[in-house]
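Please read the numbered points with the sequence and the model at hand.

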Amino acid sequence: MAMESSKIIEILLREHYVSEDDMARAKEYIKTHNVLLADYLLSEGILTKDLLGQAVAEALDVVYADLNTHKATKEAILKIPEVIAKEFRVVLFAEDEKNVTITTDDPTKEGLSLKLKELFPNKNIIIAYSLSEDIEVSFLLYRKSLETRFAKIIQEKKKVAPEIIDEMIEDALYHKASDIHFEPRENEILIRFRVDGVLQEAGIIPKDNFENILNRIKVQARLRIDEHNAAQDGSIRYISKNGTKVDLRVSLVPTLNGEKIVIRLLAEYVKDLGLNSLGLSATNQSMLATAAKKPFGMILVAGPTGSGKTTTLYALLKSINKPEINITTIEDPAEYKLPGINQIQINNQTNLTFAKGLRSIIRQDPDVIFVGEIRDEETAEIAVNAALTGHLLLSTFHANDAATAIPRLLDMGVEPFLLASTLELLIAQRLVRKICERCRVSIKADDPSIKDILASLEPKFSAQLNTFYRGKGCHICGGTGYHGRTAIYEFISISPAMENLILSNPSKQEIWKLASQEGSATMFEDGLSKIKSGMTTLDELLRVTLPPDK
């Protein structure tokens, strides 16, 4: 049954899961955007997954089985053969001497009841509903290690290279990896996945099998197979077993032990992406929404590579995307396709650079312009002038913190009076791993794992922390204790006082002194609030940033 069916909408309204006003706004939004009603309600924080699951279950006239709080064990999972489980989308939820509760995301599937009676002939069968993504997570328990699957493929000696590549990409998608690394060693090829920003060993391939795999990837990415001593870049469109389209960016570089491959995985469309899902505090979200409503000006997001800058701006673009607004982007590359937005990808072969593309965009009658990155003086100058002449301009910028961005732009040759007139909001961010909700436990401040770290902090920070949380490690998080990521932020709103300060060509320290007086908090302080709420750990916060005085 479709998520946006009239019966589910009726239940959401009747049970006050969603207000009439929220539902009206949602219906209006999905008329002009290629998204599901459920995706919109979830991304905007109007509805939780748990409430959505309950509403769908009620519409289907079955009970709701929450696989988040009631974790499926491997023992229970394996009582249903993998082929049957995946064909009928079923998981064993609970069992006693007389009854067995089977949960699925498709209770109306033809033949389901008959198949379950074959599997459990002596029990009363209760069918429940669970969300599709929770069913998929439970299916992870069927998967054998990559190394075991590779060994089986090699032993069977059939289509070794295609099968190994497919297994590896499917595994990366299961684990929501952002990158796959093939690292040549002396006698083997190590495969590592970057999951939640951290590399994890995934498997090993004998070196004898690597040449065929390398050549297949080169052919699919339209790269030269006879070139082994130069860096090459390409791309592949991959369709997964469940039909999901994924763009793969392929990078090859020669190393002492052979060619190393790194594959970046990019989903075709941004899913569940909204300002509410980024980890913004209420104050920061309000500040960002206010700046985005202005008809002109510049919003910059600063941070190193891989800190989630583009994701933040994509979420902002999605929130302001309306039929009456012309939004145009120029990116390198366009990481996600955003419905209803004009996206341009730079092309060095045709001399389409950020600067030249930005000049052309201004002649395309845009209301909002997104420049993937301000890299040079020419792009900075055009961007500032675009923001000055009636456009809202969004861009990313490489800087360690928000206060550093202003001196760097001034060093690029941007005139202080132009920057002061156009800059509306500066944001800096980093990504931290979230504690796995399935295995999260609380620990006290005197616990040995936290005591020494806490003692190293200044009292003004350590005094804010009493109870801590960590993940014990489970099959969902792969034993790491972390699952998913969120961002920590630093916001500087450009007030009249800050405009005057920019005119004096200030230092980073002068900018931050005024910003803190006006209420800005550092990324470290934002991280402390996420530790207190049980979202992340102190070790993780210190991995990506330092206390302000350090």
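1. Strands E2 and E3 (residues 99–104) run antiparallel and are joined by 5 bridges. Helices (H or I, at least four residues) and strands (E, at least two) are DSSP runs, numbered from the N terminus, and two strands pair if DSSP finds at least two bridges between them. A hairpin of 3 residues connects E2 to E3. Within this pairing, leucine 92 has isoleucine 102 in E3 as its bridge partner, and glutamate 95 stands opposite valine 100 in E3.

2. A word on the source is needed here: this is a predicted model, in which local features need pLDDT of at least 70 and side-chain atom pairs count only at pLDDT 80 or more, whereas totals for chains, interfaces and linings use all residues. Residues are numbered from 1 along each chain as its sequence is written, and side-chain values use heavy atoms, with hydrogens and water left out.

3. How many strands form the open sheet, and in what order? There are 4, arranged as E1-E4-E3-E2, with mixed pairing. Strand E1 (63–64) and strand E2 (90–95) each have a single partner strand and stand at the edges, so one side of each is left without a neighbour in the sheet. Helix H7 (residues 112–119) packs on this sheet and touches E2, E3 and strand E4 (124–129). The direction of H7 makes about 135° with that of E4; axes are lines fitted to C-alpha atoms, for helices over the stretch in contact, and angles run from 0 to 180 degrees between N-to-C directions.

4. The salt bridges deserve attention. The count comes to 26, where a salt bridge is a side-chain nitrogen of Lys or Arg within 4 Å of a carboxyl oxygen of Asp or Glu. One of them joins the side chains of glutamate 136 and arginine 89 at 2.6 Å, N to O. This pair links distant parts of the chain, 47 residues apart: glutamate 136 is in helix H8 (residues 132–139), and arginine 89 is in the loop between helix H6 (82–88) and E2. Arginine 89 is buried, with a relative accessible area of 18%, whereas glutamate 136 is partly exposed at 25%. Buried means under 20% relative accessible area, exposed over 50%, and partly exposed in between (1.4 Å probe, protein chains only).

5. Aspartate 179 and arginine 264 also meet through their side chains in a salt bridge, at 2.6 Å, N to O. Aspartate 179 belongs to strand E5 (residues 177–184) and arginine 264 to strand E10 (residues 258–267), so the pair ties together parts that are 85 residues apart in sequence.

6. Arginine 359 lies in helix H14 (residues 354–362) and glutamate 378 in helix H15 (residues 377–388), so parts 19 residues apart in sequence are tied together. Arginine 359 is partly exposed at 42% relative accessibility, and glutamate 378 is partly exposed at 38%. Elsewhere, Glu183, Arg185, Arg192 and Lys260 are linked in a network of salt bridges.

7. The second largest pocket holds about 910 Å³ of space. A pocket is an open set of points on a 1 Å grid over the protein atoms alone, where a 1.4 Å probe fits, with protein on both sides within 12 Å along at least five of seven lines; lining residues have an atom within 4 Å of a point. Grid points are joined across faces, edges and corners, and the volume is the space filled by probe spheres set on the points. Of the 27 lining residues, Gly234, Ser235, Arg249, Pro333 and Gln345 lie nearest the centre of this pocket. Strand E8 (232–239), strand E9 (245–255) and E10 each supply at least two lining residues, and E8 gives the most, with 5.

8. Two buried residues complete the note. Tyrosine 142, in the loop between H8 and helix H9 (146–156), is buried with a relative accessible area of 8%. Leaving aside neighbours within four places in sequence, tyrosine 142 is in contact (heavy atoms within 4.5 Å) with Ile77, Leu78, Ile80, Pro81, Glu82 and Ala85. Aspartate 526, in helix H22 (residues 523–532), is buried at 9%.
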